[in-house]
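Got your viewer open and ready? Let's walk through this one stop at a time, selecting residues as we go.

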Amino acid sequence: MRSVCISLFVFRCACVCALLHRAISQPPTESDTYTECTDGYHWDPQTQHCKDINECETITEACKGEMKCFNHYGGYLCLPRSASVIPAPEPPNQIRPGLDDTAREPYNPCPSGYEPQGDSCMDVDECARDEHDCQPSQECFNTEGSFTCQCPGGYRKVGTECIDIDECRYRYCQHRCVNVPGSFSCQCEPGFQLAGNNRSCIGECAHMWQPPHLTDTLSGTSCFVILLPSCHFLAPLSLSIDIDECSYSSYLCQYQCVNEPGKFSCICPEGYQLLGTRLCQDINECETGTHKCADGQTCVNIHGGHQCVDANRCQEPYVQVSDNRCVCPVAKAGCQDLPFSIVHRYMSITSERSVPSDIFQIQATSVYPGAYNTFRIRSGDDNGDFYIRQINNISAMLVLARAVNGPKEYVLDLEMVSVNPLMSYQTSSALRLTVNVGPYAF
């Protein structure tokens with residue numbers, strides 16, 4: 001063992017002991033290559049680092065049913081489609097101890113969303129590379145230079161999440177409807193079976209009825225008997241017996257079934273028209289021009305009819321400044337405790353709507369820096385049939401809390417209160433929403 005002295009200052013030195021081998025002058029042997037990685041990682045010879053394995057791509061059907069696969073460092077997760085995953089900060093790469101990571105991002109002369117390929121710039125598929133910020137419940141679609149996040153079929157976007165659409169609320173099925181995530185299925189009452197469109201129901205007897213000339217004689221009596229599952233018909237040979245299809249089920253027509261010789265038909269109430277052969281659809285009198293609104297009035301369509309409202313709906317002390325918008329001047333004494341502005345809106349919903357149900361979104365049209373906004377129902381909801389669910393600082397959702405039956409009308413004042421604590425300033429604006437509940441569930 002020898003001592004090697006390293007000079008630190010002019011009159012002072014420190015000695016560091018180093019073990020020198022006899023073969024110190026011989027060329028060093030080739031060092032071992034570090035290629036061992038922990039479970040869930042594999043060695044990347046290009047970057048000389050351990051790289052996470054994306055099990056969602058390498059394992060076939062890693063998650064089944066309504067579960068969606070999310071890659072995780074060293075493993076993966078199976079979570080519902082509507083789950084939100086907040087990614088943690090990117091962990092440092094597993095590198096060989098004692099070596100510095102000198103890798104740097106290469107210079108990219110192309111615009112954002114593109115990368116160089118030869119002498120041109122090619123679009124980057126952020127969806128394939130998992131470089132998007134779509135929510136777990138959304139699907140990523142690549143576009144030129146960017147990407148979009150969309151909800152899959154059977155889902156609708158609420159805020160940033162995709163929520164399953166309850167198709168059964170729209171009365172697509174003739175008898176019974178069963179909602180499933182992203183879709184629905186129809187079922188029939190006993191004695192009926194699904195038709196070819198998978199929505200209508202037909203009686204088991206209807207397609208098996210035989211014409212009168214296919215007869216049998218029992219005990220010398222001229223009559224015919226047709227025996228079918230759950231069906232027994234007995235009639236004289238000389239008579240044709242009409243089948244009252246309307247008596248078999250109350251689901252044949254959405255509103256009312258009318259029996260006719262050898263068939264049946266569906267009718268709709270006043271203000272509605274047939275959609276196909278059994279469903280009823282509201283007639284929009286404002287679009288067809290069949291309304292009788294006078295000059296100075298605006299036609300508002302509602303389920304089963306329409307309303308004629310004055311073009312100027314501002315009431316004292318408010319004055320009209322534009323279509324549907326009223327302002328309460330600060331100079332007027334009666335405006336001190338009232339919202340500064342009121343915007344009039346109208347909507348119509350059906351009876352027996354499933355609840356809770358989002359029916360109307362409120363959106364602020366202007367936001368002041370530093371202002372904090374809150375939303376509330378100022379008036380019109382005496383029975384607590386609605387409530388407000390705030391989404392963020394500039395928007396909120398009006399939710400129907402209880403099932404309601406029409407015909408009925410609500411006039412709700414939905415207020416946004418803006419407070420700026422730094423300037424000790426507070427103001428408010430209102431949206432006067434007239435909600436008409438139709439007389440039927442369609």
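Start by selecting Glu55, which sits in helix α1, residues 55-58. Keep in mind as you look around that this is a predicted model. Glu55 is buried yet has no salt bridge. The nearest side chain of opposite charge belongs to Lys51, and that is 12 Å away. So what is Glu55 in contact with, leaving aside its neighbours within four places in sequence? Show Gly40, Ala62, Asn71, His72, Gly74, Gly75 and Tyr76, and you have those contacts on screen.

**Next stop: the disulfides**

A disulfide is a covalent bond between the sulfur atoms of two cysteines. A search of the whole structure turns up 16 disulfides, and we'll visit a few.

Select Cys110 and Cys121, which are joined by a disulfide with an S to S distance of 2.0 Å. This pair links distant parts of the chain: Cys110 is in the loop between β6 (75-80) and β7 (114-117), while Cys121 is in strand β8 (residues 120-123), eleven residues apart. Why is this disulfide left-handed? Because the torsion about the S-S bond of Cys110 and Cys121 is about -85°.

Now jump to Cys168 and Cys177, another disulfide, with sulfur atoms 2.1 Å apart. The torsion about their S-S bond is about -75°, so this link is left-handed. Cys177 is partly exposed, with a relative accessible area of 26%.

One more pair: select Cys246 and Cys257, whose sulfur atoms are 1.9 Å apart in their disulfide. Cys246 lies in the loop between β19 (231-236) and β20 (256-260), and Cys257 lies in strand β20, so the pair ties together parts that are eleven residues apart in sequence. The link of Cys246 and Cys257 is left-handed, with -70° about the S-S bond. As for Cys257, it is partly exposed at 21% relative accessible area.

**On to the salt bridges**

How many salt bridges does a search of the whole structure find? The count is nine.

Pick Glu115 and Arg129, whose side chains meet in a salt bridge at 2.6 Å, N to O. The two come from distant parts of the chain, with Glu115 in strand β7 and Arg129 in the loop between β8 and β9 (139-143), 14 residues apart. Glu115 is partly exposed at 27%, and Arg129 is partly exposed at 43%.

Next, select Asp385 and Arg402, a salt bridge whose closest N and O atoms are 2.7 Å apart. Asp385 is in the loop between β30 and β31 (386-390) and Arg402 in the loop between β32 (395-400) and β33, 17 residues apart. Elsewhere, salt bridges that share partners join Arg376, Arg378 and Glu415 into one network.

Arg376 lies in strand β30 (residues 372-379) and Glu415 in strand β33, so they tie together parts 39 residues apart in sequence. Glu415 is buried at 3%, but Arg376 is partly exposed at 43%.

**Last stop: the surface**

Finish with Leu422, Met423 and Tyr425, which make a nonpolar surface patch of about 420 Å². Leu422 is in the loop between β33 (408-420) and β34 (425-437), and at 78% relative accessibility it counts as exposed.

Key
Residues numbered from 1 in each chain as written. Predicted model: local features only at pLDDT ≥ 70, side-chain atom pairs only at ≥ 80, totals over all residues. Heavy atoms only, no water. Helix = DSSP H or I, 4+ residues; strand = E, 2+ residues; numbered from the N terminus. Buried < 20%, exposed > 50% of the residue type's maximum accessible area, 1.4 Å probe, protein only. Lys, Arg positive; Asp, Glu negative; His and termini not counted. Salt bridge = Lys/Arg side-chain N within 4 Å of Asp/Glu carboxyl O. Contact = heavy atoms within 4.5 Å. Patch = residues over 30% accessible without salt bridge, like charges linked within 9 Å, V, L, I, M, F, W, Y side chains within 5 Å. Areas by Shrake-Rupley, 256 points an atom, 1.4 Å probe, with all protein chains shown as cover. Disulfide = S-S within 2.5 Å.
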